[in-house]
Amino acid sequence: MKIGYFINHFPYLETDASTDDLQHYHCGGAENAAYYLSLEMAKRGHDVTVFTTSPTSKFIVEENKNIKILRYGTNLKIGTSNISWKQLNASIDRNFDLIHTHFDLAPCPLAGLRYAKRANLPLIITYHGDWVDDYGGIIRRLGVAINNRYLVDKILNYATCIISPSKTYIDRSRYLIPYKNKTIAIPNGVNINDISVHDPKNECRIKAGLPTDGKIVLFFGFLAPYKGPDILVKSLPTILAAVPNTKLIFAGKGVMRHELEKISRDLGVENNILFKGYIEDELKPFFYASADVFVLPSIMATECYPLTILESMACGTPIVASEIGGIPDSVENYKNGFLCKPNDENDLAQKIIQLLTDKKIQENMTSYCLSKISDYSWEKIAEQTESLYEEVLH
């Protein structure tokens with residue numbers, strides 16, 4: 001099968017870009033999902049081409065066995081999104097069987113739609129979640145508003161089939177509900193060998209450059225309003241009252257860094273928070289394995305199926321996450337973690353305290369995480385996706 005993938009940003013197979021370029025080339029859950037699915041489909045013998053952007057203005061081609069990555073030079077950057085006019089007008093000089101677009105950052109989904117229509121090919125969409133336009137700068141708000149009003153329905157309507165990583169999210173998304181009859185749930189996966197570690201917690205903390213004593217609460221991801229990192233900071237005084245030797249670790253960069261620092265100073269908890277910034281891939285497992293609890297306090301239904309939850313599970317770290325969007329598909333209450341009320345720092349604090357102070361619950365959740373994570377291997381996810389491709393083509 002010859003497959004064309006469209007994704008706005010795509011991690012490097014081999015890191016040829018500078019560290020500075022990569023720090024300003026945001027690759028979150030959707031981008032990593034596209035990356036591992038592409039690699040796995042190439043391993044299965046399919047001919048894979050990825051249409052994406054470069055972190056610079058240069059056009060770059062990467063090739064490795066059955067996968068070719070075309071990185072079109074960036075002409076404009078809005079927020080975290082790189083925009084390339086050449087990606088939008090990619091030439092039809094390859095014979096594909098189908099196009100698979102990851103619907104995340106604009107305008108990449110439009111590029112995939114244009115290619116599929118011009119080449120008269122089936123279009124598969126992986127829908128990674130609704131975008132909301134009620135936060136951020138005026139340019140972001142305008143861009144998201146245009147995307148929601150003019151592009152979402154146009155692309156979803158044309159799609160041959162839509163993949164939602166979360167079954168729950170199909171009924172919660174304002175845009176997917178009209179297309180339920182052609183939407184199928186296939187979860188995101190995790191590269192278990194890359195993310196899991198077997199070192200003792202103390203050694204993981206040393207490798208991650210984290211405190212070796214006390215409890216660690218970890219937030220891993222982009223510091224953006226919809227992720228609710230401010231709710232987590234506001235919960236910290238209550239947590240410290242019950243568990244004084246707790247450190248809150250923010251791993252990742254983002255637009256809220258300075259705001260979070262101010263909130264922590266106002267609350268007098270700045271000495272219990274560490275902002276670690278951009279974390280290189282090889283260090284990620286040690287951060288997860290260092291933590292006593294991983295927290296995802298999202299406040300908006302944009303969260304469809306966060307990969308950070310699966311990464312945490314692969315390291316045996318229990319989770320506290322908001323009961324919102326598609327999160328309940330991956331966080332099973334009282335099994336691998338706790339679900340909490342969104343935008344409620346007190347409920348969040350109580351769930352975190354319960355995990356930090358009840359060793360038996362923590363051990364049971366760790367065991368469940370490690371036993372369940374094999375269900376989310378990329379081999380299994382790719383097999384399901386491959387079956388869908390075959391069904392569409394036949």
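Which backbone oxygen lies 2.7 Å from a polar atom of the side chain of S235? It is the backbone oxygen of L232. Before moving on, a word on the model: it is predicted, with local features needing pLDDT of at least 70 and side-chain atom pairs counting only at pLDDT 80 or more, while totals for chains, interfaces and linings use all residues. Residues are numbered from 1 along each chain as its sequence is written, and side-chain values use heavy atoms, leaving out hydrogens and water.

**Stop 1: S235 and its helix**

Keep S235 selected; its place is in helix α9 (helices are DSSP runs of H or I, at least four residues, and strands are runs of E, at least two, numbered from the N terminus). S235 counts as buried, at 0% relative accessibility (buried means under 20% relative accessible area, exposed over 50%, partly exposed in between, with a 1.4 Å probe and protein chains only). Not counting residues up to four places away in sequence, S235 touches E345, L348 and A349 (contact means heavy atoms within 4.5 Å).

Now select residues 229-242 to see the whole of α9. Look for a kink of about 35° at L236, shortly before the proline P237; the bend is the angle between axes fitted to the seven residues ending there and the seven starting there. Colour the buried residues of α9, including P229, I231, V233 and I239. What covers them includes β11 (215-220), β12 (246-251) and α13 (345-357).

**Stop 2: the nonpolar cores**

Next, select L218 and F287. Of the 60 residues in the largest nonpolar core, these two touch the most other members (such a core is a set of buried Ala, Val, Leu, Ile, Met, Phe, Trp, Tyr and Cys residues joined through side-chain atoms within 4.5 Å). Helix α2 (residues 29-43) gives this core its largest share, 6 residues. Apart from it lies another core, of 30 residues, with V217, L236, I239 and L355 among them.

Show what surrounds L218: leaving aside neighbours within four places in sequence, its contacts include I249, A251, F287 and Y288.

**Stop 3: H128**

Finally, go to the loop between β8 (123-127) and α5 (138-158), where H128 lies. Is H128 buried or exposed? With a relative accessible area of 12%, H128 is buried. Show the side chain of H102 as well: the side chain of H128 makes a polar contact with it at 3.0 Å. Beyond four places in sequence, H128 is also in contact with A30, F103, D104 and C304, among others.

Note on methods
Polar contact = N/O pair within 3.5 Å; in protein donor to acceptor, adjacent residues only side chain to side chain. Expected span 1.5 Å × (residues − 1).
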